Every structure is written in structure tokens, then in C-alpha cells.
Amino acid sequence: MAEEVKKIMFTVRKAPHGSIYVYEGLEVKLIMAAYDADISVVFMDDGVFAVKQGQDTKPLGIKGFEATYGALVDYEITKVFVDRQSMEERGMTEEDLLVIGEDEDTEEPIKPQVVGSDEIAAMMAEQHNILSF
Amino acid sequence: MKLAVCIYEGPYNHEAADSAYNFIQAAIQKGHEIKGIFFYHDGVYNVTKLMEPPQDDRHIANRWSAIGASGIDIVVCIAAAKRRGIVDEVLVPNVRISGLGQLTMMAIEADRLVVFGD
């Protein structure tokens with residue numbers, strides 16, 4: 001019996017620092033990407049700060065994980081979205097977003113795709129699982 | 001329905017562990033199948049035998065152990081556990097430490113993955 005590939009979405013809704021949810025949630029994404037699953041990631045609410053470029057975690061005394069988010073495409077995580085409204089509410093623009101990898105052919109940098117909440121809702125409706133961090 | 005449950009929060013500090021326990025009991029009573037229970041983040045503290053709550057309070061770790069004894073697979077994330085000093089020696093019986101691959105398999109195999117967290 002051929003099993004359909006399951007769609008698994010990660011929503012990142014908490015701020016990247018101040019608690020470990022987002023960091024450990026990143027570890028889950030990297031592991032699940034190695035399995036036969038259709039992975040997507042949506043950053044919304046305070047989670048949009050996780051994909052802001054130029055994070056400096058030195059004063060916090062923690063390693064930080066911006067570099068890993070910058071390599072999502074290397075882990076074959078390419079369906080990466082940011083909620084437009086959450087971004088705008090926090091004074092962020094598309095230019096603030098970090099690069100998550102580069103296009104294999106053109107070597108153009110790839111950034112998360114900014115989408116509206118209606119598009120996110122439509123994607124959510126198609127998922128087998130949604131994991132929130 | 002085939003269900004899997006993931007718990008993010010530690011015992012006593014947060015209601016997530018209690019809600020998950022009650023949910024699992026109710027689901028079993030309704031005839032659903034629990035494919036597995038996965039502890040992540042501070043959730044790994046749920047299954048240490050070192051906890052010793054007051055006698056008139058619920059013993060959260062023993063409760064999970066009893067669910068494990070009924071044949072339900074209970075998995076503690078190794079990466080989250082190592083960070084927090086949870087090792088095989090401190091686990092209650094009927095619980096095992098393994099990797100996030102186990103959560104992945106639960107997520108794929110179950111009809112619903114239900115997460116209890118903050």
C-alpha cells in the first residue's frame with residue numbers, strides 16, 4: 001500500500017530568545033526534514049523575530065541559532081513563510097528578513113516568503129499535523 | 001482514531017501534563033488508540049523517579065509509568081533530556097529515552113498529533 005507523504009507544518013509563534021521553545025523547535029524541524037514528510041514552516045506573532053537578520057545573542061550569553069535558520073534550504077526546508085501582519089505590527093519589513101539559503105541554479109539568495117493570513121489558513125487546512133513552537 | 005500526544009511542559013509547574021493525562025484517559029475510554037506519548041522541552045521532567053510530591057498530591061511520574069505499563073509507548077527526547085540531566089538511571093519504569101525520529105514516526109503514523117504546551 002503506497003502511503004501518501006504527510007504534510008507537517010511548523011508554526012513559530014514565540015520570540016526566539018527568552019525561552020528555549022524556538023531553539024528546540026528548530027531541532028525538531030531539522031530532524032523531521034530528514035524523513036519522508038512534506039515540511040513547511042510559518043513564522044507568525046512574535047515568532048517573526050526568529051527570522052530577523054542581525055541577531056546578536058552574545059550579551060545573552062547564548063550561542064544563538066540565526067546561522068542554522070540561515071541554512072534551512074540546505075536541510076531541504078524550502079517552504080518557509082512569514083505572516084505579513086505579524087511582521088508589520090512589529091515594524092519589520094521584508095528587508096529585515098534573513099537569507100535561508102541560495103537557489104541551486106542561480107545562486108540567488110532565498111528569503112522566507114511573506115504571505116497573508118488567508119494564505120496561511122489555506123495551507124493549515126491541508127496539513128496532516130501542525131506543531132507549534 | 002489513532003492519536004499521538006506530545007507534552008512540552010514540566011510537571012506541577014504547568015497544567016499541560018495534567019491536561020494531557022486526562023485527555024489520554026478519556027481517549028482510551030472512548031476506544032481511541034494511543035500510538036505514543038512524547039516528552040519534549042521541560043516535559044522530560046515528567047518521568048523522573050526522583051520526584052517526591054506530598055502524599056496527598058498526585059504523583060505525576062508514577063501516573064505516566066502506569067500508562068506505560070498498559071503497553072503505550074512513552075518516549076523522552078534524548079536531546080532535551082540530556083540538557084536537563086534526565087538520564088536512564090532516573091526514569092520511572094515503562095518509559096524510554098530516544099530521539100526526535102520517534103516523534104516524527106508518531107506524527108506520520110497517527111491520525112492526529114495533539115500537543116500540550118504553553
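**A predicted complex of chains A and B**

The secondary structure of chain A comes to 4 helices and 7 strands, where helices (H or I, at least four residues) and strands (E, at least two) are DSSP runs, numbered from the N terminus. This is a predicted model, in which local features need pLDDT of at least 70, side-chain atom pairs count only at pLDDT 80 or more, and totals for chains, interfaces and linings use all residues. Residues are numbered from 1 along each chain as its sequence is written, while chains are lettered from A and ligands numbered from 1 in the order in which they are written. The predictor gives the complex an ipTM of 0.89 and a pTM of 0.93.

Start with chain A. From the N terminus on, its elements run β-α-β-α-β-α-β-β-β-α-β. The C-alpha atoms of chain A fill a box of roughly 55 × 35 × 30 Å along the principal axes. The radius of gyration of chain A is 15 Å, which agrees with the value near 14 Å that a compact globule of 133 residues would have. This radius is taken over C-alpha atoms, and the globule rule is 2.2 Å times the number of residues to the power 0.38. Of the 133 residues of chain A, 32% count as buried. A residue is buried if 20 or more other C-beta atoms lie within 10 Å of its own, exposed if 12 or fewer, and partly exposed in between, with C-beta atoms placed from the backbone. Among the contacts in chain A with a separation of 6 or more, 78% are between residues 24 or more positions apart; two residues are in contact if their C-beta atoms, placed from the backbone, lie within 7 Å.

Next comes the sheet of chain A. Strands of a sheet pair through backbone hydrogen bonds, either parallel or antiparallel. In chain A, 5 strands form an open sheet in the order β6-β3-β2-β1-β7, and the pairing is parallel. Two strands pair if DSSP finds at least two bridges between them. Because β6 (113-115) and β7 of chain A stand at the edges with a single partner strand each, one side of each is left without a neighbour in the sheet. The twist averages 25° from one strand to the next. For such angles, axes are lines fitted to C-alpha atoms, for helices over the stretch in contact, and angles run from 0 to 180 degrees between N-to-C directions.

β1(A) and β7(A) pair in the parallel sense over 4 bridges. In β7(A), T11(A) has S132(A) as its bridge partner, and F10(A) stands opposite L131(A).

Chain B has 4 helices and 5 strands. Read along the sequence, they follow the pattern β-α-β-α-β-α-β-α-β. The radius of gyration of chain B is 13 Å, close to the 13 Å that the globule rule gives for 118 residues, so chain B is as compact as a globular protein of that length. Its C-alpha trace spans about 35 × 30 × 25 Å along the principal axes, and buried residues make up 45% of the 118 residues. Chain B averages a pLDDT of 97, and 100% of the residues score at least 70; pLDDT is the predictor's confidence in each residue, from 0 to 100.

The sheet of chain B is open and has 5 strands in the order β4-β3-β2-β1-β5, with parallel pairing. Its edge strands are β4 (96-98) and β5 (112-116), each of which pairs on one side only. Neighbouring strands of this sheet are turned by 30° against each other on average, direction ignored. Strand β1 (residues 2-7) of chain B runs parallel to β2 (residues 33-39) and is joined to β2 by 6 bridges. K2(B) stands opposite E33(B) in β2(B). Helix α1 (residues 16-29) of chain B lies across β1, β2 and β5, running at about 170° to β1(B). Helix α4 (residues 100-109) of chain B lies across β1, β2, β3 (74-77), β4 and β5, at about 150° to β2(B).

Finally, the two chains meet. The contact takes 14 residues from chain A and 12 residues from chain B. On the side of chain A that touches chain B, β1 (6-12), α1 (21-33) and β7 (129-132) each supply at least two residues. The largest share of that side, 6 residues, comes from α1(A).
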